[in-house]
Amino acid sequence: MALFEQTETTTKVTLDDTEACCCTIETAQTIDGHTEYVVRVQRGPYPENSWRILRRYNDFASLNKCLQISGIDLSFPGKKLIGNMRPDFIAERLNALQEYINQVLMNPILASSLPTKKFIDPDSYSTPFHDLALQYASMSLRTDGVYTLGQSLGPIGWRLRKHYFKVVHKPQGNKHSPGHSTTKHHLIKSSSQSHGKQHTTQVCVTTSTEKDYNSSTRDHSGRDDLILSWTEFGPDRYIDEKEIHTVLKNFGGVQHPYIVPIEHIASNDSGALVIRKFYKQGSLKDVLCSASPCNPFLSKYGSPKGRTPLPLKDLALYARQILEAIRFLHSKGMACGHVHCGNVIVVDGIAKLMDVENFIFGVPSFYRPFFVQHSKINTCEAIDVYGFGHLLYEMCMGYPLQDSYARQISDCPDSLKSLLESILSKDACKSSLPTLDQLTTHPFFGEYAGQFNDLYATTIAVQKPHLKFSTSAKEQLKLAVQKTENRVRDEQRSVKNQKRLVRVQEMMTSEEEKKKIKQKAKHEQKQAKLRAQNSLQLNNGPPTTGSAGITATVHLSSSTGGIVKSDSANSITSPQEALMSPPPHATDSGGSTSPQPPPSAPPIPGPLSSVPLFAADSDPSQAPGSSATGKQLAKSISGDEPTTGNRSALLQSICNFNKSGLKKVVSPTEAGGK
């Protein structure tokens, strides 16, 4: 190996937790006296990305127990102790469990929970995410020396790889006598996301003068409580590792009246932490659901007790403020990609957007399973507009839209309905969404937030927006936007191709298509039978119509490439097909047949008195030109009677026959009459 040769570096493949999974219980098998179900799991649109797991009924029961905190009514089959090994009962139980797992995976809240992920993909989700986050956050703050890590807030968010902790400022200027240190180690209990088990971990060094984190909303210095969020880097992180520290440092100084400021931001090779002010009222989603922000997200958002839509004036004001925050980010060459009610804080009538750094971290969007189904939503601006539409819908209705588009929008003013339909209708998602600038001029905001422009001008005069990136950071952000959009387009093409394949398969298996296939098979069978019959006729000669309707043919010379005409069903045949016919047979005028030996050589044209070619008891009707002779020839060729001679000689004589050399034979009766 050369001295300066560069070695290949392996890139860590990060799993997209928002990618939809589906489960199919294929069969059941009996092992050691109990029933195990073979479950096939597929992630994404490609069948190749699938695996099989074995699950017992008790595994399904454990999953259902973990999900009961959500309050969602799920049709889980009850347990049966007697007769549970009968084949009919196992088949019935299999169908019931299939229906249950379908309900779980169709609900975005339940499908994104850690118990569900561990049930369907234990290999990928058995990592102790919470313990790793605790370790990384503690090590990062220990080197900082300004903040102290506090109690874990548990699974209050929907992301599996994002964890929240309370933090406080470390006391400054405390002096103690030598040898009498009041510093001691505190054991901080943190709730794990997996089973709610209490883990005791030594995370930091604190002083005995600090108050308990749950007893007050402010620390001992009188400053507001802070919250720390640790986030692992996602699959859309395209900023170089050497530049991401610079980008985050520049972004940490963002200032905007409608963006939550950042107190502290830092990162390592695995992820990054952000410290912000802790708001007791929680996010806008907590306000709409009337939920406490520190409760687990399954209990907060699974089946909330109350849904509180916003008044139209507040809705228009908050939406307009969030819209200005998104426009500001795009003006700086950055996208948000994570616009939803969980990332909005309302303080004193002002809505502020937070977690905007998620774009730099490369984590997938909450609405990604929705907009990958529409190929027109393929830019960062369109993604933010689409998320803004879902935000409007939830603020208006009080509950989120559970589909990729709204089939029907009602119970709202016409101007708001027009705004929602321009973003969330099926036609809008299939064609194109409005731009951010077009949304600001919509009549809805002019009707319910007409004074916003003057208010915004006054606000930015007091607090001037600020976000400045270095030249290298701008290039990195531009490249990240392009790669993010390319990944979205690739995934949209995959989803579109898979949908087309599914539609084709459904058409092939539908009842109507089955009938068409059956009719086509019958038709092909009938055509094959007809072809076989025609082949037999060509080999054995054309069919006859009986003694009364003998086939009449007119043979042309094979040297001229003529055809053979007949009165049979096969009205036109080639001379070669005619030559394949059996040898002719002679018939008398009375209709009786008598075998006639074939000539040994072709007839030679000459005088009529030398050798007559055709003579049958001196009957003029047996002349070659007469109809009887034609019938005789056709009958002999059709092969009605057996032949006793050399067939090849007869065929050769027929082919070399020259009609121009014939002369009329005069019978004695005709001669006497003359």
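Modeller: In this predicted model, the second largest pocket has a volume of about 1,100 Å³. Its lining is made up of 33 residues, and those closest to the centre of the pocket are Ala 20, Cys 21, Leu 105, Pro 369 and Gln 373. Several elements take part, for β1 (21–31), α2, α3 (108–111), α4 (114–120), α11 (368–371) and α18 (471–509) each supply at least two residues of the lining, and α18 gives the most, with four residues. When the lining residues of this pocket are sorted by class, 16 are nonpolar, nine are polar and eight are charged.

One of the elements named for the lining, helix α2, also packs against another helix. Helix α1 (residues 57–67) and helix α2 (residues 87–106) meet at an angle of about 30 degrees, with their axes 12 Å apart, and the two are therefore roughly parallel to each other, since angles under 35 degrees count as such. The crossing in which α1 passes α2 is left-handed. On the α1 side the contact is made by Tyr 57, Phe 60, Leu 63, Asn 64 and Leu 67, and on the α2 side by Arg 93, Leu 97, Tyr 100, Ile 101 and Val 104. This contact of α1 with α2 has eight nonpolar residues, together with one polar and one charged.

With helix α12 (residues 380–397), α9 packs at an angle of about 165 degrees, the axes being 11 Å apart, and that makes α9 roughly antiparallel to α12. The crossing of these two helices, α9 and α12, is right-handed. From α9 the contact draws on Leu 315, Tyr 318, Ala 319, Ile 322, Leu 323, Ile 326 and His 330, while residues of α12 that take part include Cys 380, Phe 388, Leu 391 and Met 395. By class, the contact of α9 with α12 has 12 nonpolar residues, one polar residue and two charged residues.

With α17 the arrangement is as follows. The axes of helix α9 (residues 312–331) and helix α17 (residues 452–462) come within 11 Å and cross at roughly 50 degrees, and the two helices are therefore oblique to each other. Here α9 passes α17 in a right-handed crossing. Leu 317, Arg 320, Gln 321 and Glu 324 of α9 make this contact with Phe 452, Asn 453, Leu 455 and Tyr 456 of α17, and the residues of the contact of α9 with α17 divide into four nonpolar, two polar and two charged.

Definitions and conventions
Residues numbered from 1 in each chain as written. Predicted model: local features only at pLDDT ≥ 70, side-chain atom pairs only at ≥ 80, totals over all residues. Heavy atoms only, no water. Axes fitted to C-alpha atoms, helices over the stretch in contact; angles between N-to-C directions. Parallel < 35°, antiparallel > 145°, perpendicular 65-115°, else oblique. Left-handed = near helix turned anticlockwise from the far one by under 90°. Contact = heavy atoms within 4.5 Å. Nonpolar A, V, L, I, M, F, W, Y, C, P; charged D, E, K, R; others polar. 1 Å grid on protein atoms, 1.4 Å probe; cavity = no way out; pocket = protein on both sides within 12 Å on 5 of 7 lines; lining within 4 Å. Points joined across faces, edges and corners; volume = space filled by probe spheres on them.
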